[in-house]
Amino acid sequence: MTGPLLAVHGVKSFYGPIMALKGVDLEVHEGEIVTLIGANGAGKSTLMMTICGEPRAREGSILFQGRDITRLPTHEIARLRVAQSPEGRRIFPRMTVRENLMMGAGIDDGVHYDEDLARVQKLFPVLGRRLDQRGGTLSGGEQQMLAIGRALMSRPRLLLLDEPSLGLAPLVVKQIFEVIRELNRSGVTIFLVEQNAYHALRIAHRAYVMVSGNITLSGTGRELLAMPEVRAAYLEGGRH
């Protein structure tokens, strides 16, 4: 394959009359971790949802493996092996851990279910010990692990992670970012939306900054970590 795995060109999307994305350009190449940082309400989660088809991009295009997916239904985008772990986790609280993971495996009718279940349990041993426990009874950190595990059950070519550290204790945040790094080393391409700029930029190959629906800065993770304007806006006040 030539060109980026994911290419977002001039994307504008709206919530009613309000323009949330104002012409976004962004690329994710095979094998990368690409991070998008920005303040709450900047449009980061909107971009991730727009990639998945809800809301629809009103202008611009979204290409995955060179194919235009801008108008594809969300379930067809998922079948191309684009998986999302959404903001706020959104697991099925009344289902068991096992049943939640089975929902993720449904994309290919569970052909690799046993193998993929073993992989998720290796990444997150605590889930292996909680397979028959209801998702809603897990801690916040365990629910985040379950949301990521559920996305992994579809064997994604591109894994979209939306605010995986949100509301978690520092020790759990560190664990989640270690898993993200490990997944990437195993060959998973990752697009990460994250408010925790310090951790996110440290693991990113490349990164973008979003302000009010616009991309305002881009570079390697290291370059953005070193930029005074990034440090002042997103890194002052401590490393979480």
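Six strands make up an open sheet of mixed pairing, ordered E6-E7-E8-E3-E9-E10. Strands here are DSSP runs of E, at least two residues, and helices are runs of H or I, at least four, both numbered from the N terminus. Two strands pair if DSSP finds at least two bridges between them. The model is predicted, so local features need pLDDT of at least 70 and side-chain atom pairs 80 or more, while totals for chains, interfaces and linings use all residues. Residues are numbered from 1 along each chain as its sequence is written, and side-chain values use heavy atoms, without hydrogens or water.

Strands E6 (82-85) and E10 (214-220) form the edges; each has a single partner strand, so one side of each lacks a neighbour in the sheet. Inside the sheet, E7 (residues 158-162) and E8 (residues 189-193) run parallel over five bridges. Leu160 faces Phe191 in E8.

Two helices meet these strands. Helix H1 (residues 44-51) packs on the sheet and touches E3 (33-37), E6, E7, E8 and E9 (206-211). Contact means heavy atoms within 4.5 Å. Helix H10 (residues 228-235) lies across E3, E9 and E10.

Now the rings. Arg58 sits over the face of Phe14, 3.9 Å from the ring centre. The criterion is NZ of Lys or CZ of Arg within 6 Å of the ring centre and within 35 degrees of the ring normal.

Terms used
Axes are lines fitted to C-alpha atoms, for helices over the stretch in contact, and angles run from 0 to 180 degrees between N-to-C directions.
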